[in-house]
Amino acid sequence: MRNAVMRQFERPHGPLGALAGWIMANRPSNKTRNDWTVDLLDPKPADHVLELGCGPGLALRKVCARVTGGRVLAIDHSALMVRMARARNRSAIGDGRLELRQGGIELLETIGEQFDLVYSVNVAMFWRDRRGTLETIKRVLKPGGRIASTYQPRHPGAKPADALAFAGRLRGELTEAGFRDIRVDTLDLRPIPAICVQARA
Ligand SMILES: C[S@@+](CC[C@H](N)C(=O)[O-])C[C@H]1O[C@@H](n2cnc3c(N)ncnc32)[C@H](O)[C@@H]1O
């Protein structure tokens, strides 16, 4: 049962996906790492922001509270997660600050917009061709725009070293994709620390 729920985090669907969505929305470490990521990202009122893999939409609430005159777009390939994020962010959607779209990273190929900030929380580990995905993200960032990607390993047997190893891999992949000013922050979180890797296009 535990493994069946764990498998849901990549693309939640059905009753077990709803349970995974509830866990994401309520687990203290998930709330903390989403809040921390938004604080590091520090969006300004007029920014144009994109979240990749928004899940139930925790970070979006905080981002939309800060982006009062700009625009926020969030994508997730899970229809269930888009519904949950929509329910959590009705007012920002209602006043036109937030748009949610169901779809994967391939949506970025035809999105026709550019962003000041692109971020993700516990999503980048699912990208099969991460270097290619980072190149795609770079194309939708304005020159000097920033990417932030947070990861807290939550798989059974996860160790603090897994978080640091992922940060190292992401750093290398960002460099190969042409990003600069790469920095890594660490949050001392239980049961495993979270890392956030930021870089500029
Ligand atoms: C572990 S959850 C994290 C959700 C949210 N960011 C959070 O921290 O609460 C991963 C989310 O990313 C979405 N996702 C994974 N790969 C994706 C992709 N290639 N394109 C769009 N969404 C993706 C999943 O559907 C899921 O909602």
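This is a predicted model: local features need pLDDT of at least 70, side-chain atom pairs count only at pLDDT 80 or more; totals for chains, interfaces and linings use all residues.

Visitor: Which element gives the largest share of the lining?
Guide: That's α3, with three residues. At least two residues each come from α3 (28-41), β1 (48-52), α4, β2 and α7 (130-140).

Visitor: How do the lining residues divide into nonpolar, polar and charged?
Guide: There are 20 nonpolar, 13 polar and eight charged residues.

Visitor: Back to Asn122. Where is it found?
Guide: Asparagine 122 sits in the loop between β4 and α7. Its phi is near 50 degrees, a positive value in a residue other than glycine.

Visitor: Is asparagine 122 buried or exposed?
Guide: Asparagine 122 is buried, with a relative accessible area of 13%. Aspartate 42 also has a phi near 50 degrees. Aspartate 42 lies in the loop between α3 and β1, and at 34% relative accessibility it counts as partly exposed.

Visitor: New topic. Which residues touch the most other members in the largest nonpolar core?
Guide: Leu52, Leu108, Leu134, Ile137, Leu174 and Phe179. The core has 30 residues. Two or more residues come from each of β1, β2, β4 (115-121), α7, β5 (141-151), α8 (160-176) and β7 (194-200). The largest share, five residues, is from α8.

Visitor: And what does isoleucine 137 touch?
Guide: Leaving out residues up to four places away in sequence, isoleucine 137 touches Leu52, Leu108, Val118, Trp127 and Ile147. There is also a second, separate core of 25 residues. Among its members are Ala74, Val82, Ala85 and Leu189.

Visitor: Val82 and Ala85, what about the helix around them? Which residues of α5 are buried?
Guide: In helix α5 (residues 79-88), the buried ones are Leu80, Met81, Val82 and Ala85. Their cover includes α2 (14-26), α4 (58-66), β2 (71-76) and β3 (98-102).

Visitor: Now the cysteines. How many disulfides are there?
Guide: Zero in the whole structure.

Visitor: Let's do arginines. Is arginine 130 buried or exposed?
Guide: Arginine 130 is in helix α7 and counts as buried, at 11% relative accessibility. Leaving out residues up to four places away in sequence, it touches Ala124, Met125, Phe166, Arg169, Leu170 and Glu173.

Visitor: And arginine 90, buried or exposed?
Guide: Exposed, at 58% relative accessibility. Arginine 90 lies in helix α6 (residues 90-94). Its C-alpha atom is 28 Å from that of cysteine 196, which is 106 residues away along the chain.

Visitor: Last one. Which way is the peptide bond from arginine 190 to proline 191, cis or trans?
Guide: It's cis, with omega near 0 degrees. Proline 191 lies in the loop between β6 (180-187) and β7.

Key: Residues are numbered from 1 along each chain as its sequence is written. Side-chain values use heavy atoms; hydrogens and water are left out. Buried means under 20% relative accessible area, exposed over 50%, partly exposed in between (1.4 Å probe, protein chains only). Helices (H or I, at least four residues) and strands (E, at least two) are DSSP runs, numbered from the N terminus. Contact means heavy atoms within 4.5 Å. Ala, Val, Leu, Ile, Met, Phe, Trp, Tyr, Cys and Pro count as nonpolar, Asp, Glu, Lys and Arg as charged, and the others, Gly among them, as polar. A nonpolar core is a set of buried Ala, Val, Leu, Ile, Met, Phe, Trp, Tyr and Cys residues joined through side-chain atoms within 4.5 Å. A disulfide is a pair of cysteine sulfur atoms within 2.5 Å.
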